[in-house]
Amino acid sequence: NEYEIISNHGHLKLFENGHKVVDITMWDQTWWKIIARTKFKQWPDFGTFRNGHISLQGTEDGKLWFRNIKIKRFKFGPSS
């Protein structure tokens with residue numbers, strides 16, 4: 001599978017194999033309602049950070065491979 005994650009000033013898009021599966025604005029009322037319906041609601045700081053580290057998580061059996069990982073910082077102009 002191929003994934004692309006684009007975050008631009010709180011607007012988050014996730015593409016899986018070229019198909020958009022997530023398109024949301026982070027930190028608005030909808031964002032907090034979604035988190036409130038997840039197992040992460042018990043973590044007080046979940047979904048609050050606006051910068052930090054990126055983690056890659058595998059499976060319990062350890063059968064997961066990553067390749068061609070690229071992290072880019074784009075400077076979006078006024079028309080973006």
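**Reading the fold and its aromatic cluster**

Q: Among contacts in the chain between residues at least 6 apart in sequence, what percentage joins residues at least 24 apart?
A: A contact means heavy atoms within 4.5 Å. Among the contacts in this chain between residues at least 6 apart in sequence, 4% join residues at least 24 apart. This is a predicted model, in which local features need pLDDT of at least 70 and side-chain atom pairs count only at pLDDT 80 or more, while totals for chains, interfaces and linings use all residues. Residues are numbered from 1 along each chain as its sequence is written, and side-chain values use heavy atoms, with hydrogens and water left out.

Q: Which elements does the chain contain, and in what order do they run?
A: Helices (H or I, at least four residues) and strands (E, at least two) are DSSP runs, numbered from the N terminus. Here there are 1 helix and 3 strands, in the order β-β-β-α from the N terminus.

Q: How is the radius of gyration of the chain to be read against a compact globule?
A: The radius is taken over C-alpha atoms, and the globule rule is 2.2 Å times the number of residues to the power 0.38. For 80 residues a compact globule would have a value near 12 Å, whereas this chain has 15 Å. Along the principal axes, its C-alpha atoms fill a box of roughly 35 × 35 × 25 Å.

Q: What percentage of the residues counts as buried?
A: Buried means under 20% relative accessible area, exposed over 50%, and partly exposed in between (1.4 Å probe, protein chains only). Of the 80 residues in the chain, 12% are buried.

Q: How many aromatic pairs are there?
A: Rings of Phe, Tyr and Trp (its six-membered ring) pair if their centres lie within 6.5 Å; planes under 30 degrees apart count as stacked, over 60 as edge-to-face and the rest as tilted. This rule gives 3 aromatic pairs. Phe 40 and Trp 43 are edge-to-face because their ring centres lie 5.1 Å apart and their planes stand at 75°. Trp 43 also pairs edge-to-face with Phe 46, at 5.9 Å centre to centre and 75° between the planes.

Q: Which residues form the aromatic cluster, and are they buried or partly exposed?
A: Phe 40, Trp 43 and Phe 46 form one cluster. Phe 40 is partly exposed at 25% relative accessibility, as are Trp 43 at 46% and Phe 46 at 31%.
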